[in-house]
Amino acid sequence: MRGGQGAARAPVIQFTNCRILRGGALLREDLWVRGGRILDPEKLFFEERRVADEQRDCGGCILAPGFIDVQINGGFGVDFSQASEDVGSGVALVARRILSHGVTSFCPTLVTSPLEVYHKVLPQIPVKSGGPHGAGVLGVHLEGPFISREKRGAHPEAHLRSFEADAFQDVLATYGGLDNVRIVTLAPELGHSHEVIRALTALGICVSLGHSVADLGTAEEAVQSGATFITHLFNAMLPFHHRDPGIVGLLTSDQLPTGRRIFYGMIADGIHTNPAALRIAHRAHPKGLVLVTDAVPALGLGNGRHTLGQQEVEVDGLTAYVAGCSVESALEAASLHPAQLLGLEKRKGTLDFGADADFVVLDDSLHVRATYISGELVWQAEEARP
């Protein structure tokens, strides 16, 4: 139903009385959807001489592209880094539950783990389109084990690894294959890392720099080799210093390849990063900001002891903060920018004509009222139901 005569015969739905996020602005326009794609109404009117088959009044709400979370470790009691015989059911549970948060696509994330965990878990998390069953799986984000011991954070030291002489073969042996992998976070100061970065990017895998003690020069060399992302900026890396700003300096570096944009993930909860630091990063490089949750299995469960890979974590209170950028910028950081990072901006993260009709309906306080995937309502707030 995505193209050809089948799509042309599909019903046309017109979403009215809404503000659409398009081109960095909220526009008072209607959104037209057919066959799972965003439709150009002018072509509909003048070439097909058709009108909408159905109209849906959005009550003045905001329509933004569906959110894309490229770093989520689990949630609702599910830990993606725990091997089991049925990993898929856990991924499916998280995929379904995050629809209420406006997430239409995500990258399940594995923290540093034993080799047997990678070998068992990765084949069970295939790329999958979203729908009423849950958000789409874009591919796995492997955060580790090729990271710095000094900046390992919550990653278990016993399972950290360095690259061997035959570095890329070592990567393949560690993970057991890369078929379902979309992002790999590594520390660029490790020996042979640039060889690995080039090999991964040649396969279309995004390389992210993180959990690292790299100086700026080393980070710039990694970007020149193909790295395009920074894992949770400011966290698990050397602090900014005016003589050598480290990985943070990539945001304003003049040594990056022409036309190359560096993206950076931020956990905008006011705890992992002070709101002032988030504002500094955003003002220095607003088009690179990618909002991530870095959610742990405790998501949706409240306080107490929960797992994160091979370790236990204690959750005591959850707080969220607004960092101080415009609504439009925040929404693009949760949709357009991660799509651009993954090379999906023609289909995801946008409401441009021809894009996938994955979008979220938000009220003025940015509470999610409804979530759509391929133009189909997949979640709706109780109070918003007729």
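Predicted model: local features only at pLDDT ≥ 70, side-chain atom pairs only at ≥ 80, totals over all residues.

Student: Why is E29 called partly exposed?
Tutor: Buried means under 20% relative accessible area, exposed over 50%, and partly exposed in between (1.4 Å probe, protein chains only). E29 has 36%, so it is partly exposed.

Student: What makes the pair E29 and R22 a polar contact?
Tutor: The term asks for a pair of N or O atoms within 3.5 Å; within protein, one must be able to donate a hydrogen and the other to accept it, and residues adjacent in sequence count only if both atoms are side-chain atoms. The side chains of E29 and R22 meet at 3.2 Å, so the pair qualifies.

Student: Where in the fold is E29?
Tutor: E29 sits in the loop between β3 (25–27) and β4 (31–34); strands are DSSP runs of E with at least two residues, helices runs of H or I with at least four, numbered from the N terminus.

Student: How do you know that T185 is buried?
Tutor: T185, in strand β14 (residues 181–186), has a relative accessible area of 0%, so it is buried. The side chain of T185 also makes a polar contact with that of T231, at 2.7 Å.

Student: Why is strand β22 described as largely enclosed?
Tutor: Six of the six residues of β22 (residues 368–373) are buried, so the rest of the structure largely encloses this strand.

Student: What makes β21 and β22 a pair?
Tutor: Strands pair if DSSP finds at least two bridges between them. Strand β21 (residues 359–362) has four bridges to β22, so the two count as paired, and they run antiparallel. L362 stands opposite V368 in β22, and the hairpin of β21 and β22 has five residues between the strands.

Student: How many bridges link β22 to β23?
Tutor: Four, again in the antiparallel sense, with β23 spanning residues 376–380. This hairpin has two residues between its strands, and S374 in the turn has a positive phi of about 50 degrees.

Definitions and conventions: Residues numbered from 1 in each chain as written. Heavy atoms only, no water.
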